[in-house]
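The tour below moves from one selection to the next.

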Amino acid sequence: AGIINFCANNYLGLSSHPEVIRAAVEALEKFGAGLSSVRFICGTQSIHKDLEEKIARFHQREDAILYASCFDANAGIFEALLTPEDAVLSDELNHASIIDGIRLCKANKYRYKHMDMQDLETKLKEAQKHRLRLVATDGAFSMDGDIAPLREICQLAQKYDALVFIDECHATGFLGPNGRGTDELLGVMDKVTIINSTLGKALGGAAGGYTTGPKPLIDLLRQRSRPYLFSNSLPPAVVGCASKALDLLMESNAIAQSMAAKTQRFRSKMTAAGFTISGKDHPICPVMLGDARLASVMAEDMLNRGIYVIGFSYPVVPKGKARIRVQISAVHSDEDIDRCVEAFTEVGRKHGALP
């Protein structure tokens with residue numbers, strides 16, 4: 001029956017969607033392979049401006065700016081926005097790109113315990129002496145599939161006069177009623193100031209990232225964000241893919257809503273089989289195993305049974321927290337999910353992960 005991929009970030013299955021592929025081909029034929037330039041020289045075409053407008057409309061924000069990746073978006077925002085008079089407060093398990101972006105800026109740095117609102121409040125009190133405070137968090141954390149408590153974060157930010165930044169790479173397109181992300185899911189779209197996300201996961205799966213938020217911020221980034229200023233603009237084919245993916249999402253929320261039932265099916269069946277699944281209600285479903293070698297050999301055996309998954313161990317995750325990270329996609333059928341659970345059960349028993 002072939003091999004089923006259960007470790008891709010292709011949450012909505014749009015990287016192989018015929019309309020998305022057709023849009024890429026059309027953009028390639030009409031606009032060329034690339035512009036051999038950065039945006040502010042001769043690297044801006046109408047499709048780049050159209051996509052930025054579409055991203056802002058999708059997130060219900062004022063404006064957006066494109067990057068080669070969300071890693072670049074995260075590398076470009078903190079240095080441009082924050083000064084030595086400011087403070088940034090970061091969740092300790094934020095993505096490496098957020099951590100690297102914060103390292104590049106000269107703001108005062110505070111790190112709060114993972115999703116610990118009491119610790120965040122303590123840090124916000126300490127940071128009151130600074131000019132501006134920015135709370136930075138992943139919306140959905142990629143290693144554990146847990147979702148940031150944005151309601152509580154926004155309440156604290158309002159109480160202590162701080163801005164909220166979220167990285168939505170593992171949320172855009174499929175979390176929330178219309179797939180707009182964790183801020184929509186948790187009802188705080190009007191309280192989150194800045195969103196960074198990717199075009200390389202749910203929105204076509206190719207490449208690209210962006211920042212969306214207030215127009216004055218986007219104007220500032222166009223003038224001062226180094227990854228934007230000094231990286232080639234996105235290739236037309238990539239822009240075409242992402243633009244069509246957003247069209248499909250804004251036309252109907254059916255694909256986004258299909259994820260919840262598929263995710264619940266996998267999580268409930270794996271839990272019933274005796275596995276521990278980290279996170280909650282997210283298509284990232286980490287099968288917690290603890291031992292790095294066990295995660296590796298189980299992943300190898302899963303491939304022999306036609307299921308492609310990868311073991312994660314230190315330094316990608318903390319020591320003693322090795323796991324196989326399964327990612328559910330809208331293109332997985334119920335039969336695919338059941339086949340994956342059956343393979344896990346067989347392999348788990350073989351290697352002693354299950355009784």
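Start by selecting glycine 274, the residue that follows helix 11. Its phi is positive, near 110 degrees. Bear in mind that the model is a predicted one.

Next, select helix 11 itself, residues 254–273. Its 20 residues should span 28 Å at 1.5 Å a residue, and the end C-alpha atoms lie 30 Å apart, which agrees. Now show the side chains of Ala256, Met259, Lys262, Thr263, Phe266, Arg267 and Met270, which are buried. Turn the view to look down the axis: the buried residues of helix 11 fall within an arc of 130 degrees, so they line one face of the helix. On the other side of helix 11, pick out Ala260, Ala261 and Ala272, which are exposed.

What covers the buried residues of helix 11? Select strand 9 (276–277), strand 10 (284–290), strand 13 (322–327) and helix 13 (334–350), which are included in that cover.

From there, go to isoleucine 324 and display its surroundings. Leaving out residues up to four places away in sequence, isoleucine 324 touches Cys285, Pro286, Val287, Leu289, Ala295, Met298, Ala299, Val309, Ile310, Gly311 and Phe344.

At least three residues of the core come from each of domain 1 (16–251) and domain 2 (253–351).

Finally, colour the model by domain. The domain assignment gives domain 1 (16–251) and domain 2 (253–351). Their centres, taken over C-alpha atoms, are separated by 27 Å. The contact takes 16 residues from domain 1 and 18 residues from domain 2. Between them the two domains bury about 1,300 Å², of which 58% is on carbon and sulfur atoms. Which residues of domain 1 lose the most area to domain 2? Select Met143, Asp144 and Phe174: together these three account for 42% of what the domain 1 side buries.

Note on methods
Residues numbered from 1 in each chain as written. Predicted model: local features only at pLDDT ≥ 70, side-chain atom pairs only at ≥ 80, totals over all residues. Heavy atoms only, no water. Domains from an automatic or database assignment. Contact = heavy atoms within 4.5 Å. Helix = DSSP H or I, 4+ residues; strand = E, 2+ residues; numbered from the N terminus. Expected span 1.5 Å × (residues − 1). Buried < 20%, exposed > 50% of the residue type's maximum accessible area, 1.4 Å probe, protein only. Arc of directions from axis to C-beta. Buried area = accessible area lost by both parts, 1.4 Å probe.
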